[in-house]
Amino acid sequence: MREPNRNSVIRAINECAGDVESFINRYASGRNPKAHYLRHEGKLYPLKAIWAAAHNPSIHTRNFKTDVAIRGLSNLGFEVISDDKINNIQEMHNYDDKLDELLSANFIEGERILREVMLFKRNRELVRRAINKHGTTCVVCGFNFGDAYGDLGVDYIEVHHISPLCESDGIDFNNNVDDVTVLCANCHRMIHHKRPALTLEELRNALTSSYRRRRRVL
Ligand SMILES: [Zn+2]
Ligand SMILES: [Zn+2]
């Protein structure tokens, strides 16, 4: 039996592209991938079935473990995608759209936070007062950068203005320290994930109870 090489993997990809369903029937007894895909020229393919088909003669997905295929395909220079949220062939083909969506959401949130950063840049005194008042532990989830990253994270925290309007450019805000708070990077992203931004209360309520237990907050 010959181990797969780049050419035999490309041949398997082409066979799969011709008819995904019969490909999966043939090499994986019809079982769709659970979490692992091969990404080639912008499309996703079932990783294990591709690895099985690329052998000469071909083998079946039940003959090897997933990590063998992950290692083998990575070593041949192919891109492996692990995402357990993709769960059918249709979604496999829509994966690029999902990536686009994700990228544009990232961009928009980044933009909103950047506007706020510019506001605080013009008003360093407000930042100083906010940190004096709240410290450097996230007021929503209790995360502390110093606890997590040691020296690297000591004194790091993000400052957030609770007026949703401060996402708009060019508006100057009151210097009231009561309107400013401190958040970790994750909570800060999530609070701006909706527009207008969530309130602190809404974000606290959004934390799942299992997460709260794990982090011992509230
Ligand atoms: Zn947080
Ligand atoms: Zn903010």
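Where does Ser-29 lie? Let's start there, everyone, and then tour the rest. Ser-29 is in the loop that runs between α2 and β1, the strand spanning 36–40. Please keep in mind that this is a predicted model.

Staying with Ser-29 for a moment, its phi is near 50 degrees, which is a positive value in a residue other than glycine. I mention it because most residues other than glycine have a negative phi. Ser-29 counts as partly exposed, because its relative accessibility is 47%. If we set aside neighbours within four places in sequence, Ser-29 is in contact with Ile-24, His-60 and Arg-62. Look at Arg-62 in particular: this residue is 33 residues along the chain from Ser-29, and the two C-alpha atoms are separated by 9.1 Å.

Now the overall picture. The chain has 218 residues, and 39% of them count as buried. Its secondary structure comes to eleven helices and five strands. Take the contacts with a separation of 6 or more: 65% of them are between residues 24 or more positions apart.

Helix α1 covers residues 6–18 and helix α2 covers residues 20–28; their axes come within 5 Å and cross at roughly 120 degrees. The two helices are therefore oblique to each other. Who meets whom? On the α1 side we have Ala-12, Glu-15, Cys-16 and Gly-18, and on the α2 side Val-20, Phe-23, Arg-26 and Tyr-27.

The peptide bond from Asn-56 to Pro-57 is cis, with omega near -5 degrees. Pro-57 is in the loop between α3 (47–53) and α4 (66–75). The other point is Asp-155, which is not a glycine but has a positive phi of about 75 degrees. You will find Asp-155 in the loop between α8 and β4, the strand at 158–161. With a relative accessibility of 61%, Asp-155 counts as exposed.

Thr-181 sits in strand β5, residues 180–183. Is Thr-181 buried or exposed? Its relative accessible area is 4%, so Thr-181 is buried.

Let me finish with the aromatics. How many aromatic pairs does the structure hold? There are five. One of them is Phe-145 with Tyr-149, a stacked pair at 6.2 Å centre to centre and with 20 degrees between the planes. Both residues lie in helix α8 (residues 145–149), where they are four residues apart, about one turn of the helix. Phe-145 counts as buried, because its relative accessibility is 10%. Ring pairs also link Phe-145 and Tyr-149 with Phe-143 and Tyr-156 into a cluster.

Arg-6 lies over the face of Phe-78, at 4.3 Å from the ring centre. The charged end of Lys-48 sits over the ring of Phe-64, 5.3 Å from its centre.

Methods: Residues are numbered from 1 along each chain as its sequence is written. Chains are lettered from A and ligands numbered from 1 in the order in which they are written. This is a predicted model: local features need pLDDT of at least 70, side-chain atom pairs count only at pLDDT 80 or more; totals for chains, interfaces and linings use all residues. Side-chain values use heavy atoms; hydrogens and water are left out. Rings of Phe, Tyr and Trp (its six-membered ring) pair if their centres lie within 6.5 Å; planes under 30 degrees apart count as stacked, over 60 as edge-to-face and the rest as tilted. Buried means under 20% relative accessible area, exposed over 50%, partly exposed in between (1.4 Å probe, protein chains only). A charge sits over a ring if NZ of Lys or CZ of Arg is within 6 Å of the ring centre and within 35 degrees of the ring normal. Axes are lines fitted to C-alpha atoms, for helices over the stretch in contact, and angles run from 0 to 180 degrees between N-to-C directions. Angles under 35 degrees count as roughly parallel, over 145 as roughly antiparallel, 65 to 115 as roughly perpendicular and the rest as oblique. Contact means heavy atoms within 4.5 Å.
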